[in-house]
Amino acid sequence: MYPLQRDREQPLFSAKAHVFQIDPATKRNWLPASKHAVSVSFFYDANRNAYRIISVGGTKAIINSTITPNMTFTKTSHKFGQWADSRANTVYGLGFSTEQQLQQFSDQFKEVREAARLAREKSQERFELTNPALNIAAPQELSEERHSPPPLLTVNGPCEDKLIRSRSTEVELTTEKESIKKMLSEGSVSCELHMEAELFTLQDSNAKLVSALQEAESSGQMWKKQLAEYQEETDRLREQVAELEAQSVASAGSDPDLSQSVETLEALLRTKEQEIQSLQSKKTDASDLEQEKEEACKRLQELERQNAVLEERVQSAETDLAASQEERQQTEGEVQQAIQVLDLKILDLNSLRQSLAKLIDK
């Protein structure tokens with residue numbers, strides 16, 4: 001990594017975010033790189049003509065990523081985004097507090113990436129203008145130049161400088177070849193993580209609703225059963241009171257024990273009627289529970305529908321993933337061809353370097 005010489009760099013944009021890095025072992029899980037939201041800034045290094053993303057936690061640099069034209073910032077949710085840094089061999093993730101902050105960071109990333117592309121093109125143009133003899137268009141032209149006589153001696157500048165620049169070009173081609181291989185393996189990680197998290201959340205909500213619905217059903221059945229028992233007992237007591245009253249009328253009050261039994265039963269009957277009234281008031285609560293039960297059933301049906309839609313989305317994602325893997329295989333074939341072309345260029349550069357070395361020795 002480059003040393004953090006921030007005093008000579010110009011800050012372009014800053015935002016607060018929680019920083020994560022992909023687990024190097026699984027390449028699927030996120031590992032937090034900061035305990036709380038930290039400042040993530042874009043910097044311009046005028047000496048190197050390079051753009052970087054830098055974030056410091058305490059005295060430690062948790063992000064030091066040099067932006068290249070082939071980098072892409074991907075928004076995987078409303079408040080989370082990520083990008084892959086092939087030079088650091090990792091994937092960085094940023095969690096923002098609002099969707100607006102994520103959009104601002106994404107727009108700034110695109111602008112800085114475009115600026116890095118323009119800076120690289122201008123640097124290449126200046127190099128070609130100052131070194132026309134090292135303009136290499138294709139392997140065929142290299143082979144022709146290799147067999148042609150010594151116009152290589154008419155280069156602008158010392159031969160030692162040309163040799164160093166050819167070596168740096170070779171290193172850059174090798175780095176590009178390795179970055180192409182790494183980018184192919186980082187494609188489908190964010191989609192799978194997002195779909196799994198959404199499915200687990202929906203399953204948890206579904207389980208909680210089912211538990212609440214079962215409790216409401218159990219409570220409603222208990223109140224209904226207790227109300228029916230009290231009503232049966234009240235009817236039975238009323239029948240007994242009616243029989244005792246009839247017997248009391250027949251005996252014309254000659255039996256004081258019978259009158260006392262009637263009074264006792266009437267008091268018991270009043271007590272039961274009060275309990276029935278209390279239960280009827282609770283019955284209103286039971287009706288409310290029944291209504292809540294119906295609403296919970298509707299919500300459960302809606303969640304089941306959403307679950308079915310999500311399962312279809314998962315199946316579609318699996319189909320897309322299979323198609324993506326097939327396309328990836330095709331891309332790997334094309335990359336292998338590109339790598340072969342790069343290998344040829346590297347061989348030609350080696351030959352050119354050896355020729356230059358021989359010229360230097362002479």
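Is glutamate 232 buried or exposed? Glutamate 232 is exposed, because its relative accessible area is 58%, and exposed means over 50%, buried under 20%, and partly exposed in between (1.4 Å probe, protein chains only).

Before we go on, a word about what you are looking at. This is a predicted model, in which local features need pLDDT of at least 70 and side-chain atom pairs count only at pLDDT 80 or more, while totals for chains, interfaces and linings use all residues. Residues are numbered from 1 along each chain as its sequence is written, and side-chain values use heavy atoms, leaving out hydrogens and water.

Now for the overall layout. The chain has 5 helices and 8 strands; helices (H or I, at least four residues) and strands (E, at least two) are DSSP runs, numbered from the N terminus. Reading from that end, the order is β-β-β-β-β-β-β-β-α-α-α-α-α. Of the 362 residues in the chain, 27% are buried.

Let us return to glutamate 232, which lies in helix H4 (residues 189-251). For a contrasting residue, turn to glutamine 108 in helix H1 (residues 99-130). Glutamine 108 is buried, because its relative accessible area is 15%. Apart from neighbours within four places in sequence, glutamine 108 is in contact with Leu12, Phe13 and Phe42.

Technical notes
Contact = heavy atoms within 4.5 Å.
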